[in-house]
Amino acid sequence: MSESQTDALSAPLYKAEGAAIGAVVFFSSASENTARFVANCDFQDEGINVYRIPLRPKDPALNVREPYVLIVPTYGGGSAHKAVPTQVKQFLNNPDNRQYIRGVIASGNSNFGEAYCIAGDIVSAKCKVPLMYRFELMGTPEDQTVVRQGLLDFYTKEREPAAATA
C-alpha cells in the first residue's frame, strides 16, 4: 500500500550539510519576514534541516518526522484568538507532526503590546514545549546569531548521552 500525498514525508527547503542534528519548521506569510529571518540564519550550515509550512491550502501538506523547533509569526494585531496562523494550527493538528516539536521561537510586532509574540506562548502552552526566543518582525543580525547558536547548542546538548551516575 502506498502512502497518500498527505502522508508522504516532506523534503527540507534547506537540507542540512552533512548529518542532520535536528530541524527548524517555520511559517511565513506573503510578507516573507519570517522566511528572510530563517534564510539569514543559515541553519543548514550547522546541520539543521529547514522546512516551510505551506502558505496556500492547495500546496502539499508538510510532514516532518524528525525533532524540530517551530518558528512562528504572531498574527491578529493583538488578538490572542487570531495570533497563531491557521496553517500552523493545521500542521500541529496532525499528531505525527506534533510529536516531534521540541520548542518554539516567535516573531511579532511590539505594536501588539501585551500580545507581542503571543503565538509563541500559545503554541508553547498547547504543545508543552519551551518558548525559546522572541524577535521583532524580521529580526536583527544579533537575533539571527543568538537563534542560530542557541539551536546549535540545543541540538548538540539534546544528542549528548546522559552522564553516568556513580
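1. Ser-107 has Phe-135 of strand S5 as its bridge partner. Strand S4 (residues 101-108) pairs with S5 in the parallel sense over 5 bridges; two strands count as paired if DSSP finds at least two bridges between them. Strands (E, at least two residues) and helices (H or I, at least four) are DSSP runs, numbered from the N terminus.

2. This is a predicted model, in which local features need pLDDT of at least 70, side-chain atom pairs count only at pLDDT 80 or more, and totals for chains, interfaces and linings use all residues. Residues are numbered from 1 along each chain as its sequence is written, and side-chain values use heavy atoms, with hydrogens and water left out.

3. The protein chain has a mean pLDDT (the predictor's confidence in each residue, from 0 to 100) of 90, and 91% of its residues reach 70 or more. Residues 1-5 have pLDDT below 50, and this stretch makes 3 contacts (heavy atoms within 4.5 Å) beyond near neighbours in sequence. Where pLDDT is low, the predicted coordinates should not be read in detail.

4. The open sheet has 5 strands in the order S2-S1-S3-S4-S5, with parallel pairing. Strands S2 (48-52) and S5 (131-136) are at the edges with a single partner strand each, so one side of each has no neighbour in the sheet.

5. Ser-124 lies in helix H4. With 15% relative accessibility, Ser-124 is buried (under 20% relative accessible area, with exposed over 50% and partly exposed in between; 1.4 Å probe, protein chains only). Not counting residues up to four places away in sequence, Ser-124 touches Val-104, Val-129, Pro-130 and Leu-131.
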